[in-house]
Amino acid sequence: MTLPLFAHHLATTSLGAFMRRLFKFLAAVFLLLVTAALMYGVVGYFNALSDADELALRADALVAERHGGKDLGDDRLETLLLVQDPAFHSHAGLDFTTPGAGVTTVTQSLAKRVAFRKFKPGIGKIRQTGYALGLERKLTKDQIIALWLDTLEMGRGPDGWMTGFFVASQAIYLRPPAELTDREFLSLVAVLIAPGTYDLGRTDTQLEGRIARIEKLVSGACTPTDNGDVWLEGCRRN
């Protein structure tokens with residue numbers, strides 16, 4: 001073998017060995033990150049199991065105060081879920097397929113509010129998901145709904161920021177949800193997607209547009225385009 005050929009062989013062999021070592025290293029790092037992420041989700045799951053008894057008592061107290069899903073009025077819980085989480089009654093905390101559901105179920109939304117002092121997207125979503133699965137394992141659907149309604153961010157009201165569906169109903173319309181008109185009720189539903197953007201206390205053309213899309217959805221005149229269509233673009237075009 002001539003000297004140039006030997007040098008070329010040595011260089012390509014060394015490069016190949018280096019690439020193999022690099023690939024093994026990156027694969028190990030990836031496996032470590034996946035394992036860590038799964039463990040973080042498992043931690044969330046067991047955190048939920050640990051918190052479940054206290055949350056169940058809190059939920060039962062809300063139901064006793066007539067602040068549960070059944071206290072929204074006839075068929076109104078189903079209207080709310082049609083917009084927020086259409087498969088709520090059948091899923092176990094996750095839903096990646098139902099049109100309009102988005103990436104966050106009611107249970108995941110609740111987990112975000114009761115399991116974190118300050119939720120940070122990204123890796124926080126993993127613990128949130130594990131926590132949601134734990135909630136579904138230990139709480140009833142009625143308890144989950146009661147807690148979710150009580151913790152919802154509802155935007156600005158006459159006396160400042162509002163938290164809780166029943167609180168917002170009383171603050172804005174001076175009546176509980178069961179006594180609201182259909183359009184008043186839908187205004188509370190509509191604001192949930194962007195409580196910091198929409199304003200229930202004044203005329204808001206953007207909010208009115210979303211209410212109109214929700215009315216079409218509820219009437220059956222339109223459907224969301226896919227799982228990610230939480231803004232109901234499918235109802236804007238019809």
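In this predicted model, C222 and C235 are joined by a disulfide, with an S to S distance of 1.9 Å.

Charged side chains were examined next. Side chains of opposite charge can pair when their charged atoms come close. The structure holds 10 salt bridges. One of them pairs D182 with R76, at 2.8 Å from N to O. This pair also connects distant parts of the chain. D182 lies in helix α7 (residues 182-191) and R76 in helix α2 (residues 76-84), 106 residues apart. D182 counts as exposed because its relative accessibility is 56%, above the 50% cut-off. R76 has a relative accessibility of 9%, under the 20% limit, and therefore counts as buried.

A salt bridge also forms between the side chains of R66 and D71, at 3.7 Å from N to O. R66 is exposed, at 58% relative accessibility. D71 is buried, with a relative accessible area of 16%.

E136 and K141 form another salt bridge, at 3.0 Å from N to O. E136 is buried, with a relative accessible area of 15%. Salt bridges with shared partners also join R183, E208 and E215 into one network.

Technical notes
Residues numbered from 1 in each chain as written. Predicted model: local features only at pLDDT ≥ 70, side-chain atom pairs only at ≥ 80, totals over all residues. Heavy atoms only, no water. Disulfide = S-S within 2.5 Å. Salt bridge = Lys/Arg side-chain N within 4 Å of Asp/Glu carboxyl O. Buried < 20%, exposed > 50% of the residue type's maximum accessible area, 1.4 Å probe, protein only. Helix = DSSP H or I, 4+ residues; strand = E, 2+ residues; numbered from the N terminus.
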